[in-house]
Amino acid sequence: MALDDGAVVLPGRGYLFWNDTAGAAPPADTQVEIAALDLTAATLPTGWRNLGHTSRENNVALGKDGTEGETKGSWQSSALRKLADETIWSLTAASLQLSNDTLDLYFGEGDISDPDVYHVLPSATPMSGALYLVLVDGSVRVPLYLAKVSATSDDAPEFDPTAFLEFSIKMTVLEHNGAAGLMSWYAAGLGTPA
């Protein structure tokens with residue numbers, strides 16, 4: 001691999017978009033579409049919603065949990081087979097906006113039938129859907145598409161008078177039939193040479 005200064009990304013800003021339908025097509029998946037995408041729009045084509053402000057102090061981050069594969073052997077060979085590692089990926093984001101979308105992702109779908117009230121329901125089912133993250137480095141945009149995630153609360157919110165109220169949301173990446181992979185990165189130069 002040669003040195004490529006253009007392949008280095010410093011994600012100075014980022015934008016998160018949510019779609020209630022797992023496996024929904026990403027809002028932009030070609031370099032032309034990605035460059036033209038209005039990242040500050042409240043909604044994007046085909047059901048994608050902007051999740052709004054997220055914390056600068058508590059960065060959006062990929063997480064990796066799992067187990068190392070076990071080695072199986074016989075009397076004759078102590079390392080005959082290695083079972084595959086089990087890896088579970090997640091993405092964590094601290095949402096700063098007190099909105100129905102944020103609270104649904106954090107608590108599970110709530111009751112919004114009353115004006116100006118969000119009712120957290122006991123035993124609410126975690127929300128599942130698709131997630132589209134766009135990392136921005138100057139004029140360069142690098143999207144990460146997760147075809148299916150399950151969202152739940154990560155840490156409990158703290159009420160610090162010197163900081164924004166944050167709802168830390170953990171989105172566990174799940175397999176989705178029909179998706180090209182578990183997650184998809186979009187950047188010039190990736191994949192098959194043009």
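Visitor: Hi! Is Lys170 buried, exposed or partly exposed?
Guide: Lys170 counts as partly exposed, at 25% relative accessibility. Keep in mind that this is a predicted model.

Visitor: Which residue does Lys170 form a salt bridge with?
Guide: With Asp65; the closest N and O atoms of the pair are 3.8 Å apart. Lys170 sits in strand 10 and Asp65 in strand 4 (residues 61–67), so this contact ties together parts that are 105 residues apart in sequence. Asp65 is partly exposed too, with a relative accessible area of 44%.

Visitor: How many salt bridges does the structure hold?
Guide: Four. One of them links Asp101 with Arg49, where the closest N and O atoms are 3.0 Å apart.

Visitor: What does the pair of Asp101 and Arg49 tie together?
Guide: Asp101 belongs to helix 2 (residues 100–107) and Arg49 to strand 3 (residues 48–50), so the pair ties together parts that are 52 residues apart in sequence. Asp101 has a relative accessible area of 23%, so it is partly exposed. Arg49 is at 22% and also counts as partly exposed.

Visitor: And which residue does Glu70 meet in a salt bridge?
Guide: Lys72, at 3.4 Å from N to O. There is also a network: Asp20, Arg49 and Asp101 are joined by salt bridges that share partners.

Visitor: Switching to strands, how covered is strand 8?
Guide: Mostly covered: strand 8 spans residues 127–137, and nine of its 11 residues are buried.

Visitor: Which way do strand 1 and strand 8 run, parallel or antiparallel?
Guide: Antiparallel, with seven bridges joining strand 8 to strand 1 (residues 13–19). Within that pairing, Val134 of strand 8 stands opposite Tyr15.

Visitor: How many bridges join strand 8 to strand 9?
Guide: There are 10, and those two strands run antiparallel. Gly129 has Val149 in strand 9 as its bridge partner. The two strands form a hairpin with two residues between them, and Gly138 in the turn has a positive phi of about 65 degrees.

Visitor: Now the surface. Which residues form the negative patch?
Guide: Asp154, Asp155, Glu158 and Asp160. Asp154 lies in the loop that runs between strand 9 (140–153) and strand 10 (167–173), and it is partly exposed at 35% relative accessible area.

Visitor: Which residues make the nonpolar patch?
Guide: Leu62, Trp185 and Leu190 make a nonpolar surface patch of about 290 Å². Trp185 is in strand 11 (residues 184–185) and counts as partly exposed at 41% relative accessibility.

Methods
Residues are numbered from 1 along each chain as its sequence is written. This is a predicted model: local features need pLDDT of at least 70, side-chain atom pairs count only at pLDDT 80 or more; totals for chains, interfaces and linings use all residues. Side-chain values use heavy atoms; hydrogens and water are left out. Patches are made of residues with over 30% relative accessible area and no salt bridge: like charges are joined within 9 Å, nonpolar side chains (Val, Leu, Ile, Met, Phe, Trp, Tyr) within 5 Å. Accessible areas come from the Shrake-Rupley method with a 1.4 Å probe; for residues, only the protein chains shown count as cover. A salt bridge is a side-chain nitrogen of Lys or Arg within 4 Å of a carboxyl oxygen of Asp or Glu. Lys and Arg count as positive and Asp and Glu as negative; His and the chain ends are not counted. The place of a charge is taken as NZ of Lys, CZ of Arg, CG of Asp or CD of Glu. Helices (H or I, at least four residues) and strands (E, at least two) are DSSP runs, numbered from the N terminus. Buried means under 20% relative accessible area, exposed over 50%, partly exposed in between (1.4 Å probe, protein chains only). Two strands pair if DSSP finds at least two bridges between them.
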